[in-house]
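Visitor: I am new to this structure. Could you take me through it, beginning with a term I may need?

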Amino acid sequence: SYSKLSKSIFDLGTALEFVHAASLIADDKMDKALIRRGKPACHVVYGPDVAELAHMYLVQRGNLLIAQMDLSDRQVRRITEQNARTGIEMILGQTLDILQEGLKDTKSIKEAIAKKSGDLFGAATINGGIAVNAPESDLTPLFDIGMYVGISYQLGDDLADVLGNPEEMGKPAGMDEGKMTLPRDPEVGIGGTRKIKRDFDAKVDNLLDRLHADPTP
């Protein structure tokens, strides 16, 4: 059986995954993608209206899980505020991705990735820290760790869109064609993107070593 804290951590992770799943439903619909994880996308199976309702439901269900966590009022408030900021940043990142405005150099593309993917991972790591009362000095590094992991993950996904096997990815390759991603940027390319990804991975390792709490299981 779970302790109260273990259940809260489990619910917190579930709530964030609800938000993640909701973002994938919206992303597939906006990109007109037909496949997700090797299966027909939500809007393909159920239509765009039901997909939109599923997106809204998952976000609200996640909010409810967080509101019901057996943590202090202060912890729940901080987590709620963090998730609201994360949601705003994800929407801004998706807006940049759709409009493709202002994405004209490496810096601006990395900033868009940070909003769209990095903030969600950052929320997961800092919220975990808040839930277990990690030292205040660890919270910003925890958020940064998640942010850098999220950016690295997205760079890997962008590389896979150019180089990957659709069967392994569970979705078609080439979906980003026509978008400004780092692998498709002539000044960065495949090799440059791999180097940038390694740099973010190194930042994660460096921050893990600086945490006051032991991050290992």
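Guide: A crossing of helices is left-handed if the near helix is turned anticlockwise from the far one by less than a right angle, and right-handed if clockwise. Please note also that this is a predicted model.

Visitor: Which hand does the crossing of α5 and α6 have?

Guide: The crossing in which α5 passes α6 is right-handed.

Visitor: And within what distance do the axes of α5 and α6 come, and at what angle do they cross?

Guide: Two packed helices are described by the angle between their axes and the distance between the axes. Here the axes of α5 and α6 come within 6 Å, and they cross at roughly 140°.

Visitor: Which residues make the contact?

Guide: On the α5 side, the residues include I113, A114, S117, G118, F121 and G122. On the α6 side, L139, L142, F143, G146, M147 and G150 are among them.

Visitor: Let us change topic. How many salt bridges does the structure hold?

Guide: The structure holds 13 salt bridges. Side chains of opposite charge can pair when their charged atoms come close. One of the salt bridges is formed by D70 and K4, whose closest N and O atoms are 3.9 Å apart.

Visitor: Where do D70 and K4 lie?

Guide: D70 lies in the loop between α3 (48-67) and α4, while K4 belongs to helix α1 (residues 4-31), so the pair ties together parts that are 66 residues apart in sequence.

Visitor: Is K4 buried or exposed?

Guide: K4 counts as exposed, at 63% relative accessibility.

Visitor: What about K116: which residue does it form a salt bridge with?

Guide: K116 forms a salt bridge with D27, and the closest N and O atoms are 3.3 Å apart. K116 lies in helix α5 (residues 106-131) and D27 in helix α1, so this pair ties together parts that are 89 residues apart in sequence.

Visitor: Why does D27 count as buried?

Guide: D27 counts as buried because its relative accessibility is 13%, and buried means under 20%. K116 is partly exposed, with a relative accessible area of 22%.

Visitor: What do the side chains of R78 and E136 do?

Guide: The side chains of R78 and E136 meet in a salt bridge, at 2.9 Å from N to O. That pair links distant parts of the chain, with R78 in helix α4 and E136 in helix α6, 58 residues apart. R78 counts as partly exposed, at 23% relative accessibility.

Visitor: Which residues do salt bridges with shared partners join into one network?

Guide: That network consists of D27, D28, R36, D97 and K116.

Visitor: Now the rings, please. How many aromatic pairs does a search of the whole structure find?

Guide: The search finds two aromatic pairs. In one of them, Y148 and F200 are tilted, at 5.6 Å centre to centre and with 50° between the planes. This pair links distant parts of the chain: Y148 is in helix α6 (residues 136-163) and F200 in helix α8 (residues 189-210), 52 residues apart. F200 counts as buried, at 7% relative accessibility.

Visitor: What sits over the ring of Y148?

Guide: The charged end of K203 sits there, 5.2 Å from the centre of the ring.

Definitions and conventions. Residues are numbered from 1 along each chain as its sequence is written. This is a predicted model: local features need pLDDT of at least 70, side-chain atom pairs count only at pLDDT 80 or more; totals for chains, interfaces and linings use all residues. Side-chain values use heavy atoms; hydrogens and water are left out. Rings of Phe, Tyr and Trp (its six-membered ring) pair if their centres lie within 6.5 Å; planes under 30 degrees apart count as stacked, over 60 as edge-to-face and the rest as tilted. Helices (H or I, at least four residues) and strands (E, at least two) are DSSP runs, numbered from the N terminus. Buried means under 20% relative accessible area, exposed over 50%, partly exposed in between (1.4 Å probe, protein chains only). A charge sits over a ring if NZ of Lys or CZ of Arg is within 6 Å of the ring centre and within 35 degrees of the ring normal. A salt bridge is a side-chain nitrogen of Lys or Arg within 4 Å of a carboxyl oxygen of Asp or Glu. Axes are lines fitted to C-alpha atoms, for helices over the stretch in contact, and angles run from 0 to 180 degrees between N-to-C directions. Contact means heavy atoms within 4.5 Å.
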